[in-house]
Amino acid sequence: MAKILVLGGGFGGVVAAERLVEQLGDQHQITLVSRSRRFIFYPALVRLAFGKCRTEDASFDLRDTMLSRKVNFIEAEVARIDCDQRKVTIAHGEMEGKLSYDYLVFALGRRLASERIKGFFENANHLLSVDKALKFCDAVAAFHAGHAVIGQCPGARLPVPVYETAFALSRLLNERGTRDRVRITVVSPEPPGPQFGDSEVTIALKKALNDHDIEFRSDFPIDRVSPGAVTTTNGHGMNFNLLMLLPPFTGSPAASYVGITNEESYINVDSSMRVVGVERMYAVGDCVNFSGPKLGHMAVRQAEVAAANLAAEIDGHLPVSHYVHDLRMVIDEGGAGSLYVHKDIWTGEPANLGRGRFWGWAKRAQEKYWEVAHS
Ligand SMILES: Cc1cc2nc3c(=O)[nH]c(=O)nc-3n(C[C@H](O)[C@H](O)[C@H](O)COP(=O)(O)OP(=O)(O)OC[C@H]3O[C@@H](n4cnc5c(N)ncnc54)[C@H](O)[C@@H]3O)c2cc1C
């Protein structure tokens, strides 16, 4: 019987564990380790911040779900991995221990490197946890006039919630009858040019922003936040009365110093999702070193590929599945301006673009599906 350890209870870890059980049955021991027993459905956090769903709709109990699928669950912090000894050091409160494994799936997501932006912690709102989304909800409730600035810092690699927040704010202010008292600006660290590497997507996005009278400011790499103002590396400033800003991301610290990452601590993997230079180890999700935005559907697909190849490896076979790095995302504008983008990042072929109310609805239906399938 092989001992398989899955680290991380997000999209990548949960799907990897579920697919492994489907393929291996109960012949092998599968254990998932995560620091919290709650699974967070991140795409719902913008709606949570605008009061369109409840906290319970944006998360579920991971432990019960895993146990019902015959996956052991350990609630603990992963401190270190030792790829040579095949051991993982975990901590829970004052307790520390080591778990040995035969095969490892690393899915610990990204780290928020907010320390790189001076004043971020004290002065910025973001949406990268349930608590922060609820805090931003309070800030929106108290905001009635002035300048709202919404954007990403260099290295954030997550455009969807930026645009969705801008659209949701515009709609909310319209409902309140105070839209004309507010200026909304979306800021991007990138130079002017196609967003998402595709001119069609840029045109569609800019049209949707124009329709909401939302300004777009490119080449605005924020490196400092003070009370009421953001400043960029190239010396530009912008005042705000409401700020939602995504901090830079890096890879998981648990993978640093093991010699398997790039300089931003993202893990190097091949297209079978095996970690380069290490045996019996796979990595999936936001933690891996692939270009472009970091999205949940990528984590899911990578987890499916890793699970198929890990099951094949246990049976002594070569990899049977390969990952293709394509981007699929819905930017929910709240109505007919919603966008669906599908683009193969590795080939750079022009994107397929869908527009209309249907896509926002489809995204919410997918959220419901996850909730039902995992409760
Ligand atoms: C506001 C927001 C909106 C988004 N919208 C979309 C969208 O519309 N579409 C889309 O495709 N993607 C979206 N994303 C991105 C998507 O949520 C991520 O790409 C996805 O969650 C990545 O999955 P993951 O499993 O790699 O990492 P995560 O979901 O971050 O999971 C990592 C897991 O590891 C655990 N963990 C981390 N470190 C440790 C440690 N040291 N010890 C123990 N446990 C640890 C965490 O608690 C977590 O359970 C959005 C993200 C956010 C924040």
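Q: In which sense do strand S14 (residues 222-226) and strand S15 (residues 229-232) pair, and over how many bridges?

A: Strands of a sheet pair through backbone hydrogen bonds, either parallel or antiparallel. Here S14 and S15 pair in the antiparallel sense over 4 bridges; pairing requires at least two DSSP bridges. Helices (H or I, at least four residues) and strands (E, at least two) are DSSP runs numbered from the N terminus. This is a predicted model, in which local features need pLDDT of at least 70 and side-chain atom pairs pLDDT 80 or more, while totals for chains, interfaces and linings use all residues. Residues are numbered from 1 along each chain as its sequence is written, and side-chain values use heavy atoms, without hydrogens and water.

Q: Which residue in S15 is the bridge partner of Val225, and what lies between S14 and S15?

A: Val225 has Val230 in S15 as its bridge partner. Between S14 and S15 there are 2 residues, and the two strands form a hairpin. Gly228, in the turn, has a positive phi of about 85 degrees.

Q: What is the strand order in the open sheet that contains S20, S21 and S22?

A: The order is S20-S21-S22, with antiparallel pairing. Strand S20 (326-331) and strand S22 (352-355) each have a single partner strand, so one side of each edge strand is left without a neighbour in the sheet. On average, neighbouring strands here are turned by 5 degrees against each other, direction ignored; axes are lines fitted to C-alpha atoms, for helices over the stretch in contact, and angles between N-to-C directions run from 0 to 180 degrees. S20 pairs with strand S21 (residues 339-344) in the antiparallel sense over 6 bridges, and the bridge partner of Asp326 in S21 is Asp344. Helix H7 (residues 199-211) lies across S20, S21 and S22 and runs at about 20 degrees to S22.

Q: Is the pairing in the sheet S13-S12-S11-S17 parallel or antiparallel?

A: The pairing of these 4 strands, which form an open sheet, is parallel. Strand S12 (residues 182-187) runs parallel to S13 and is joined to S13 by 4 bridges; Val187 has Arg217 in S13 as its bridge partner.

Q: How many residues surround the ligand, and which residues have N or O atoms at 3.1 Å and 2.8 Å from an oxygen atom of the ligand?

A: The ligand is surrounded by 29 residues, the closest being Gly12, Val78, Asp286, Gly296 and Lys363; a residue is near if one of its heavy atoms lies within 4 Å. A backbone N or O atom of Phe11 is 3.1 Å from an oxygen atom of the ligand, and a side-chain N or O atom of Asp286 is 2.8 Å from one. For Lys294, a backbone N or O atom lies 3.5 Å from an oxygen atom of the ligand. The protein covers 93% of the 990 Å² of accessible area that the ligand has on its own (Shrake-Rupley method, 1.4 Å probe).

Q: Which element gives the largest share of the shell around the ligand?

A: H8 gives the largest share, 3 residues.

Terms used:
A polar contact is a pair of N or O atoms within 3.5 Å; within protein, one must be able to donate a hydrogen and the other to accept it, and residues adjacent in sequence count only if both atoms are side-chain atoms. Contact means heavy atoms within 4.5 Å.
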